[in-house]
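Here is a short tour of pockets and cores for you. Take a look at the structure first, and then we can walk through it together.

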Amino acid sequence: MKRKICVITGSRAEYGLLYWLLREIESDASLQLQLVVTGMHLSPEFGLTYRVISRDFKIDKKVEMMLSSDTGVGVAKSIGVGIMGLADALVDLDPDIIVLLGDRFETFAAATSAMCLNIPIAHIHGGELTEGAIDDAIRHSITKMSHLHFTSTESYRRRVIQLGEDPSRVFNVGALGLDNLNRLNLLSRSQIEKELGWSFRDKNVLVTFHPVTLEPGKSTQYVRELLGALEELPELGIIFTAANADHDGMAINAMIRDFCFKYSNRAVFFANLGQLLYLSTLKHVDAVVGNSSSGIIEAPSLRTATINIGNRQKGRIKAESVIDCRPMKGSIKDAIVKVFSNEFKAVLNRVENPYGDGNTSARIMKILKEYPLNGILKKNFYDLNKI
């Protein structure tokens, strides 16, 4: 009898990371892939990305959970709606185990539903820190609800064990994002220009700024500082992608659209580029600017500089190619200027990525296929030092 593995995805970035794992599961004759899409995938605001997924895989369930509001109350209510809808979906699908990635509120809703239904959970990218966002609390909460853990570095593996998880259930497999760099045929500069309808300049940056959810009321201020820095660097070509659905995401996107309207000769905004186009663009720009995890995980392997603004990614392990700066116009501008210095170009030439070798999907799939599930729901707290 085939082992039923249910993968749940709620955002465009997350699906891009899961793609090759989905392919691995789908192609194994002893496994049955079940795919549930929810969250931003079903939202017009974020490009209805379930349509992209449906061209790649059979979608078993669509679960609406996004409300039109991105306030704290709206996000809290979305979690509640998601728990109800995902519970119904999981009862119908009756999987042997579900697979969740990361730390978004959609993922938390899925974990909560599965926990209540006594369905084992495999969690990817646990043990990490992002001290400027509620993602930290969500990620560690999902760790405690999960039964198998796939971390991206050995340091993160040790942190999951520190949270009380049995070492025999915690596996350092590397970061899924690097699989895309190994397996995708990235587009050329001219192909990107054709797809985007936009021409590169001599100097170009890719900008994504997500809300900093543990600094209420500050995100739009930080974006104002970022846009002020970009305004003072008229030589830059700028490609923006949308903020996610956290509180203040809509306000950030509105500010960026206004900037692009004002500077339409050198700035362009896209709600969603898709994984191939995003990574191809990331390869051909001089720097990725903002606070997205792609600047921490994927960019170093492409020898692309990262300007990491503020505290959203604080606590993550970072390569030498990442420049941390304060969310202030002068600090951001100085960091961008640094990217083009001869000294920093030398850093890019020698940078090593701490997140693995790009063979993560195969490692995860093998464990999902072979790990015994009988009795897996029962967990003992693992004390580092017995109390």
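What follows covers the pockets and then the nonpolar cores.

This is a predicted model, where local features need pLDDT of at least 70, side-chain atom pairs count only at pLDDT 80 or more, and totals for chains, interfaces and linings use all residues. Residues are numbered from 1 along each chain as its sequence is written, and side-chain values use heavy atoms, leaving out hydrogens and water.

**Pockets**

- A pocket is an open set of points on a 1 Å grid over the protein atoms alone, where a 1.4 Å probe fits, with protein on both sides within 12 Å along at least five of seven lines; lining residues have an atom within 4 Å of a point.
- The largest pocket has a volume of about 1200 Å³, a volume being the space filled by probe spheres set on the points, joined across faces, edges and corners.
- Its lining has 48 residues, with Arg12, Ala13, Glu14, Gly16 and Gln275 nearest the centre.
- The second largest pocket, of about 160 Å³, has Lys144, Asp166 and Tyr382 among its lining residues.

**Nonpolar cores**

- A nonpolar core is a set of buried Ala, Val, Leu, Ile, Met, Phe, Trp, Tyr and Cys residues joined through side-chain atoms within 4.5 Å, where buried means under 20% relative accessible area (1.4 Å probe, protein chains only).
- In the largest core, of 39 residues, Leu230, Ile238, Phe240 and Ile307 touch the most other members.
- Apart from it lies another core of 34 residues, including Leu18 and Phe57.

Technical notes: Buried means under 20% relative accessible area, exposed over 50%, partly exposed in between (1.4 Å probe, protein chains only).
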